[in-house]
Structures are given as C-alpha cells and as structure tokens.
Amino acid sequence: MVQAHRSGTIQPKPRLDVRPASLSVHRLIVTNNVILDTKLAVSWGSLSRQAPGAHLLDDAAPRGGENPKFLVYPASLLGGVMYEWRKLLSNRRLAFDAMSEQYKFLSERKEEHRSDYYRDSDRVLFSSAFRRMHDKTQVFPMPENDHVHSRLTHSIEVASVGRSLGHTVGSILAERDNAIRSKFPRFAADIGDVIHAACLAHDIGNPPFGHAGEDAIAKYFVSFFERNPLLASELTRRQKSDLTKFEGNAQGFRLLTRLQNADTGGLQLTAATLAAFCKYPRESGDDIKICQHDNIAAKKHGCFQEDKSALAMIARHVGLNRIKLPKEVDADIVHARHPLSFLVEAADNISYTILDLEDGIRLKYVNKKEALELIRKIAKKANGFDPKKANDIVHLRGRAIQRLRTEVCEVFLDKETFPEIMEGTYKKEIIKVIESNTELEKIIEFTKQHCYQHQFVVEMQVAGYNIIAGLLDELIPAVIAHSNERTHRQKMVLKASGIVVRDSETAYQKILKATDYVAGMADSFASALFRRLKGIELSSSIR
C-alpha cells in the first residue's frame with residue numbers, strides 16, 4: 001500500500017479500507033508518478049495539493065514500467081457527488097394533497113416496534129392494489145395448477161429474495177465502515193426492509209394479462225392518436241409518449257404516490273422505498289432513451305407527466321444525481337438510480353428466470369430433463385448442493401437462487417462497481433455481469449422458446465389485446481367528450497365504470513383516468529366487464 005506526499009515520492013502506508021462513502025475509488029495506471037487516466041492526468045504533486053486525502057492502493061505488482069493501482073480520492077475532486085446513506089435512507093413520507101394537487105413530505109412519526117420501512121411493506125401488503133395481483137397473470141394465465149405463479153405470488157417471492165440481498169449487502173457494508181455502524185445501528189435490517197417493500201410493489205402497476213397488457217395499451221394509443229390528430233395536438237410530446245409507450249413501472253409509481261388511498265394522499269411510503277422502487281427514474285421520451293442507450297436506468301420511463309413533480313421531489317430529497325443530457329433533449333426529470341434499485345431489479349431477475357422455468361416444468365410445457373439440467377448448472381455452484389437431489393426441482397431452485405444471490409452481492413460490493421453505484425455512474429444490470437450470466441441467458445432463451453411462446457400463452461395474449469382494446473374503445477370516447485356532447489351510451493359507460501371526469505380537465509388528464517381504471521383491473525374482471533359492455537353476456541348478480 002502506498003501514499004503520495006507533496007514531494008511526489010511514494011511512501012509505504014498501512015493497509016486501508018477503500019470503501020468509506022465519502023471517497024471515490026477509480027482504477028488507473030501510474031507511470032513515473034504521473035496518473036494516466038481518462039479523468040485525471042496530473043502528477044502526484046498537483047493532485048496532493050488539490051486533494052490531500054487522495055492516496056494510491058496497489059492492485060498488482062509492476063509490469064514493465066506501469067503499475068496498475070486504485071486511486072482513492074474525495075468525490076468532489078471531479079465535481080461528482082457521492083450518495084449519502086443519511087439521505088438515501090430518508091424516512092420522510094410522500095403524500096399527495098388532492099385539494100391543491102401538490103405533493104408534500106409529511107413529518108416523521110416513528111413507531112416503537114416497527115421501522116418506517118417495515119411499515120412500508122405492511123402498507124403495500126394490505127393495499128387493495130396488491131391484493132388484486134392474485135388474479136393478474138405472471139406468465140401463465142389463470143391456470144388450474146395451483147403451484148403456478150400469479151403476479152401476487154411472484155411479487156412475494158421477489159420480496160423474499162430482495163430482503164436477503166439487502167440484509168447481506170447491508171451487513172457487509174456495516175462491517176467495513178465504522179461510520180455506518182455508528183450512525184445506522186439497524187443498517188442491515190433497514191436496507192433489507194427498504195428492498196423488501198420496493199420488491200413487494202415492483203409489479204403493482206402492471207395492467208391485466210401480463211406484459212401483453214402494457215403492449216396492448218401502448219398499441220391502442222398509437223392507433224388512436226393517428227386516427228384523432230386534432231385531439232393528439234392537445235397533448236404535449238411527452239404526454240403522448242406516456243401513453244404510446246405505456247409503462248407499468250410508471251403506473252406503479254402513480255398508484256403508490258397518488259391513486260391508492262386517494263382520499264388520504266396515496267400510500268404515503270418513505271422516500272427511501274419510493275426511490276428504490278424507481279428502477280427508471282426519468283420521464284418519458286425516446287430522445288432520452290436514445291442518448292442514454294447504454295444506461296439501464298434510462299431504458300424506460302418511471303413516471304407520467306402528471307406525476308413527475310413527485311419523482312423530482314423524491315430524487316432531490318434522497319440526493320439522486322441528475323444525468324447530463326445533450327442540449328437538444330429538453331427533459332427535466334432524468335436521474336441516476338438509487339443504489340438499492342439495482343438490488344430490487346436483481347431480485348426480480350433472479351426470481352422470474354428460475355421460477356418461470358419451474359412453472360413450465362410443472363405445466364409440462366418443457367422437457368423436464370433439459371430444464372433441470374439448465375438450473376443444475378447454477379445450483380451445483382452453491383454451498384450445500386446435494387448431488388443426491390440433482391433431479392429435485394425444489395432443491396435445485398433453492399440452491400440456484402442461493403448462488404445467484406451470492407453472485408449479485410459480490411458484484412454490487414466489488415471495489416470497482418460499488419463506487420460507481422454510489423456515484424450514480426453505474427449503467428448496467430448487475431445480473432448481466434455476474435459469473436452465472438451465461439447460464440441465465442440460456443434459461444431465458446429456453447423459457448422464451450418453450451413457455452412464453454406456448455400456444456396457450458399466446459392465445460391469452462391475443463385475447464388480452466382484444467379485451468383491453470375493446471375496453472379502451474368504450475372508455476376513451478366517453479371520457480374525452482364534453483359533458484354536453486356525450487351520447488347516452490357514453491354516459492352509461494361512465495356510470496358503469498364509476499369514472500368521474502370534469503370538463504375543466506385536460507384531454508390528457510381525462511385519458512389517464514381511463515388508463516388508471518383499466519390498468520387496475522384483474523384479468524377476470526377485465527374479461528367479464530368486456531363481455532358485459534359488448535353485450536356478450538349480462539351481469540348475473542345485483543351489486
């Protein structure tokens with residue numbers, strides 16, 4: 001281990017922990033006391049005058065005239081801002097005031113035996129939107145086999161994996177950093193609770209019929225705006241993008257912050273949980289995606305235009321860095337991810353990859369021998385793998401998930417990855433760079449071929465397209481019509497749906513009320529309502 005002094009000479013230094021949150025760590029090459037780096041190209045003398053706290057950590061023995069090292073320096077040296085756990089774990093609760101149509105943070109109100117983040121999980125768990133997910137398709141629609149996952153059971157299992165990831169990462173970080181241990185006595189538990197709550201809610205905004213439902217809504221509005229250019233002109237470019245690129249993550253954010261418990265201001269979750277939930281902390285627009293094509297955080301949008309002030313407040317409150325965009329991109333809300341969002345995403349990736357294939361095995365959509373072998377290649381790397389249970393799907397599933405959790409934590413805590421995550425500059429899905437990624441990709445391709453494209457699944461998707469398009473065909477003309485021009489049929493549609501619109505609202509706001517209604521439906525309710533509105537069947541009960 002070496003340290004740079006003002007003289008420029010390199011002196012021995014006791015071994016240091018390189019992970020305090022106040023420091024950045026960057027790989028570089030040092031030749032003749034000059035740093036050869038894309039960010040810095042200065043001598044030790046110049047660097048030590050700018051940042052006396054900077055020092056070098058050996059990475060390997062010298063090779064030729066070059067010695068690879070890690071530079072440890074204050075983040076402010078490069079104008080960057082390191083995330084602070086004090087902000088990232090903010091327990092202030094966001095509420096929506098329906099009267100003023102403004103968001104606000106509520107005063108802290110602690111409870112003796114439950115942490116604020118634990119209470120977040122309970123609020124999600126007891127919400128009606130969460131309960132409706134029991135009848136929302138994960139992959140296989142409303143199956144007779146009770147072992148197959150619904151969107152609800154999938155979310156519960158993702159939350160379990162996520163909590164384990166959070167507790168492991170939190171425990172290791174607390175062990176490494178005295179400051180964390182002293183400031184956050186429940187650090188590991190809090191990290192686990194935040195991720196658990198965010199994972200429980202991660203699919204809460206998805207419409208009926210799985211991802212086909214999202215695509216059906218988006219395709220409907222592409223066609224609708226083409227057929228109604230005058231109405232389309234009343235919406236801004238990004239408002240139209242909200243709808244033509246309809247996104248369940250954005251709908252979930254809207255549900256958590258505004259729609260659920262609307263009379264009392266949403267679920268009022270903590271800023272930490274909401275920020276961890278937002279895997280894509282940006283507003284809509286293909287221009288953002290194009291200029292940030294290599295950044296996973298910009299892959300999709302995470303809020304609608306009507307809700308972007310909420311995302312801006314959360315990002316500012318927890319300290320998320322804004323992503324710099326080209327001048328021609330006029331977006332306001334484009335942020336780097338909350339560090340824990342990477343673990344929320346990883347928990348989802350682990351769960352659906354392994355468990356969708358397990359569902360395929362149980363439904364006999366796949367060759368069991370081939371499927372077990374794919375999972376076994378990951379499972380046998382795990383501690384506790386038992387060769388005697390090499391054909392036991394329950395054992396293989398458990399060991400595979402265990403191994404993937406370990407690999408995700410290793411990447412997250414890696415001495416190169418972790419500083420980038422804490423600076424908001426890391427751009428990849430963690431699952432894409434773990435050791436077992438090749439095996440995972442083979443599972444995904446196998447599942448896609450044999451499960452996602454199975455005839456029964458495709459039939460459900462086609463039916464879902466027709467049902468959602470049919471519902472929107474009834475609802476959209478009814479909500480956008482002026483009250484004096486609404487037909488008798490349109491008035492009956494609004495009454496049947498319970499949607500209330502005001503003439504003073506914009507076309508965009510009226511349309512959102514219809515998409516809120518459709519996206520909130522369970523599969524069976526959407527199917528039944530479609531049949532009733534189309535006259536295919538009549539209601540069999542008086543409600």
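These notebook entries record what I looked up in the structure above.

**Entry 1: the model.** I noted that this is a predicted model, in which local features need pLDDT of at least 70, side-chain atom pairs count only at pLDDT 80 or more, and totals for chains, interfaces and linings use all residues. Residues are numbered from 1 along each chain as its sequence is written, and side-chain values use heavy atoms, with hydrogens and water left out.

**Entry 2: the whole chain.** I found 23 helices and eight strands in the protein chain; helices (H or I, at least four residues) and strands (E, at least two) are DSSP runs, numbered from the N terminus. Of its 543 residues, 56% count as buried, that is, under 20% relative accessible area with a 1.4 Å probe, protein chains only.

**Entry 3: helix α14.** I looked up residues 308-318 and saw that eight of the eleven are buried, so α14 is largely enclosed by the rest of the structure. The buried residues are Lys308, Ala310, Leu311, Ala312, Met313, Ile314, Ala315 and Val318. Their cover includes α2 (85-88), β7 (93-97), β8 (102-106), α11 (248-259) and α12 (271-277).

**Entry 4: α5 and α15.** I read that α5 (residues 151-176) packs with α15 (residues 339-362) at an angle of about 130°, their axes 8 Å apart; axes are lines fitted to C-alpha atoms, for helices over the stretch in contact, and angles run from 0 to 180 degrees between N-to-C directions. The contact (heavy atoms within 4.5 Å) involves residues including His154 and Glu157 of α5 and Asp348 and Tyr352 of α15.

How values were computed: Buried means under 20% relative accessible area, exposed over 50%, partly exposed in between (1.4 Å probe, protein chains only).
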